[in-house]
Amino acid sequence: ASKAVAATIGSAFVEIANAIDGAADELGHLDAVAGDGDHGIGMQRGVHAGRDAALAAVEAGAGAETTLRHAAEAWGDRAGGTSGVIWATILRSLAGALGDAADVSRVEISAGVDAARDAVTSFGKAKVGDKTMIDAIVPFADELRERIAAGDSLVEAWSHASGVAEEAAQETAALKATLGRAKSHGDKSIGTPDPGAVSFALICTTVSDVLAQ
Ligand code: ADP
Ligand code: MG
Ligand code: MG
């Protein structure tokens, strides 16, 4: 039932907020190398608001789509910064793909991740290699879609895709930032991974743990 899906989304938000709280200092340090240093605090503001909105929606009996839409709105309103707008976009895309109906299939979830990738690309115009979270989203979406098409369970597919995202996020260290605030300090970013790619992969891995429970 979609209420069970919504409850899983609520649990995922609790765990994601804990993970971001734990990583906030590191994310801030990564963003300070070639950006403005606010990625940790911005993600914390966004995810706390998203978690609270999601839990309130679940409590009120909302389905998956409505829960994610409330979380998206709260995250975008409270986070500030580029990544806040992007995370609101990701959550809205997932909401649209999942729907409020009784059941959610793994193909719908994969389609939601593809839609999120497309929406973020259309919003930010970043390509793979520009040293943004796109460098983690694209391989994550590809791996998830391919694994599900090959017959993996959602838990297996999401777990493998999260590993791919973690690796891809770390590999952004070799790149030079060309977009966003980092573009004026691009050379300084070489040797440090992109903060938005790192937080994206952390969120994927946290969701993977929730799905496996
Ligand atoms: P801000 O740059 O406004 O301070 P944050 O520090 O919270 O916002 O987020 C920075 C992250 O946002 C970057 O590390 C990158 O991953 C992501 N980002 C920035 N610009 C883009 C873009 N055009 N497309 C995709 N992601 C982007
Ligand atoms: Mg920043
Ligand atoms: Mg900022």
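The chain's average pLDDT is 94, and 95% of the residues reach at least 70. The model also scores ipTM 0.99 and pTM 0.97. Where pLDDT is low, the predicted coordinates should not be read in detail.

Now for how helices sit against each other. Two packed helices are described by the angle between their axes and the distance between the axes. Start with α4 (residues 81–98) and α5 (residues 106–124): their axes come within 8 Å and cross at roughly 145°. This crossing is right-handed. On the α4 side, the residues that meet α5 include Val85, Ile86, Ile90 and Leu94, while α5 brings Ala111, Ala115, Ala119 and Phe123, among others. Sorted by class, the contact of α4 with α5 has twelve nonpolar, five polar and one charged residues.

Next, follow α5 to its contact with α6. The axes of α5 and α6 come within 9 Å and cross at roughly 155°. Angles over 145° count as roughly antiparallel, so α5 is roughly antiparallel to α6. Here the crossing is left-handed. From α5, the contact draws on residues including Arg106, Val113, Asp114 and Arg117, and they meet a set in α6 that includes Ile137, Val138, Ala141 and Arg145. By class, the contact of α5 with α6 divides into ten nonpolar, two polar and four charged residues.

Which helix does α6 (residues 134–149) come within 8 Å of, axis to axis? That is α7 (residues 154–171), and the two axes cross at roughly 155°. That angle makes α6 roughly antiparallel to α7. The crossing of α6 and α7 is right-handed. In α6, the contact residues include Pro139, Phe140, Glu143 and Arg147; in α7, look for Trp158, His160 and Val164, along with several alanines, among them Ala161, Ala165 and Ala168. This contact of α6 with α7 splits into twelve nonpolar, one polar and four charged residues.

Methods:
Residues numbered from 1 in each chain as written. Chains lettered and ligands numbered in written order. Predicted model: local features only at pLDDT ≥ 70, side-chain atom pairs only at ≥ 80, totals over all residues. Axes fitted to C-alpha atoms, helices over the stretch in contact; angles between N-to-C directions. Helix = DSSP H or I, 4+ residues; strand = E, 2+ residues; numbered from the N terminus. Parallel < 35°, antiparallel > 145°, perpendicular 65-115°, else oblique. Left-handed = near helix turned anticlockwise from the far one by under 90°. Contact = placed C-beta atoms within 7 Å. Nonpolar A, V, L, I, M, F, W, Y, C, P; charged D, E, K, R; others polar. pLDDT = per-residue confidence, 0-100.
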